[in-house]
Amino acid sequence: MKLLKKFVATVAGLTAATIVSLPMVAMAQAVDPELLEIYAENYFVLEDVHAFATGEMELQGELKTLPDGKRYGAYTDRTGTNFVVWVDFCQTGPCLGLVFAAYFPGDQYRASLNDLNTFNVIRPHGNASYDGAARTFLVQRLITNVAGITKGGLAAEFGVFEGYSNMFYQFLNERNADTSNKISQSFNGADAKADAVSVSEITGQGSLGEGQISTTAMEILMDMQANASLDRIYFNPGTNE
């Protein structure tokens, strides 16, 4: 049994009452030992994350290289969910951060700036935004590894991001269905303003210390649009088996 299945089975076996009543030592003993193995003492290496994703997580995916040499991983899980991953908070060598991102076609959904702010308040697991130039909605989640992360912990982060992306998908669909909601500043492909602020304008500038310039979600989106089919780029919630 792979790690994600073990993690799901462990969480399912620990009810809220169990978690409250069990001391921490007993809880640790209730968790499969493999989940508690250290994945890495610190830092993230993209090639190692990719090996974990395609091996332990059983994801379909590949590493891709941007024209400037930056790299990222593009993955699809068994339900058809598409997302990308890249390292961040990098100095000249190690990278302390790992970013998950998923894209949603702006031409298919309607949501206002106030809608996005509302989602970010009620679902603080990451950040939802809109890129006017690309006409694309985006959700991102950043995790860090400063003092160690277990295999179970990293597997959980993959699962949390998939769940977070599904929450945003449902949120967008609810906004589409609410025909009585008159949006004054609607973000969609039909009426997005040319001067809409681009996510890449906010997040794509500068470097971290003397190290490499951080990869941006919009750089990756542009690369995927140039080199992949649409069904490979945008988030697809799929169906659970």
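1. Let's start with one term. A residue counts as buried when its relative accessible area is under 20%, as exposed when that area is over 50%, and as partly exposed in between. Lys70 has 14% relative accessibility, so Lys70 counts as buried. Please keep in mind, as you read on, that this is a predicted model.

2. Now for the overall picture. The protein has 9 helices and 10 strands. Of its 241 residues, 45% are buried. The accessible surface is about 12400 Å², and carbon and sulfur atoms contribute 53% of that surface. Take the contacts between residues with a separation of 6 or more: 70% of them involve residues 24 or more positions apart.

3. Which residues of α5 are buried? In this helix, residues 113-122, they are Asp115, Leu116, Phe119 and Asn120. These four lie on the same side of α5, because they cover an arc of only 135° around the axis. On the other side of the helix you will find Asn114 and Val121, which are exposed.

4. Next come the charged pairs. Side chains of opposite charge can pair when their charged atoms come close. How many salt bridges are there? The count comes to 6, and the next points look at some of them.

5. Go back to Lys70, the buried residue from the opening point. The side chain of Lys70 meets that of Glu219 in a salt bridge, with 3.2 Å from N to O. This pair links distant parts of the chain, 149 residues apart: Glu219 belongs to helix α8 (residues 217-227), while Lys70 is in the loop between β2 (60-65) and β3 (71-76). Is Glu219 buried or partly exposed? Glu219 has a relative accessible area of 29%, so it is partly exposed.

6. In its salt bridge with Arg175, the closest N and O atoms are 2.9 Å apart. Arg175 sits in helix α6 (residues 151-177) and Asp115 in helix α5, so the pair ties together parts that are 60 residues apart in sequence. Both Arg175 and Asp115 are buried.

7. Arg141 and Glu157 are both buried. Elsewhere, salt bridges that share partners join Asp68, Lys70 and Glu219 into one network.

8. Finally, have a look at the cysteines. A disulfide is a covalent bond between the sulfur atoms of two cysteines. The structure holds 1 disulfide. Which residues does it join? The link runs from Cys90 to Cys95, with 2.1 Å from S to S. The angle about the S-S bond is 110°, and the link of Cys90 and Cys95 is right-handed. Cys90 is buried, with a relative accessible area of 2%. Cys95 is buried too, with a value of 6%.

Note on methods:
Residues numbered from 1 in each chain as written. Predicted model: local features only at pLDDT ≥ 70, side-chain atom pairs only at ≥ 80, totals over all residues. Heavy atoms only, no water. Helix = DSSP H or I, 4+ residues; strand = E, 2+ residues; numbered from the N terminus. Buried < 20%, exposed > 50% of the residue type's maximum accessible area, 1.4 Å probe, protein only. Contact = heavy atoms within 4.5 Å. Areas by Shrake-Rupley, 256 points an atom, 1.4 Å probe, with all protein chains shown as cover. Arc of directions from axis to C-beta. Salt bridge = Lys/Arg side-chain N within 4 Å of Asp/Glu carboxyl O. Disulfide = S-S within 2.5 Å.
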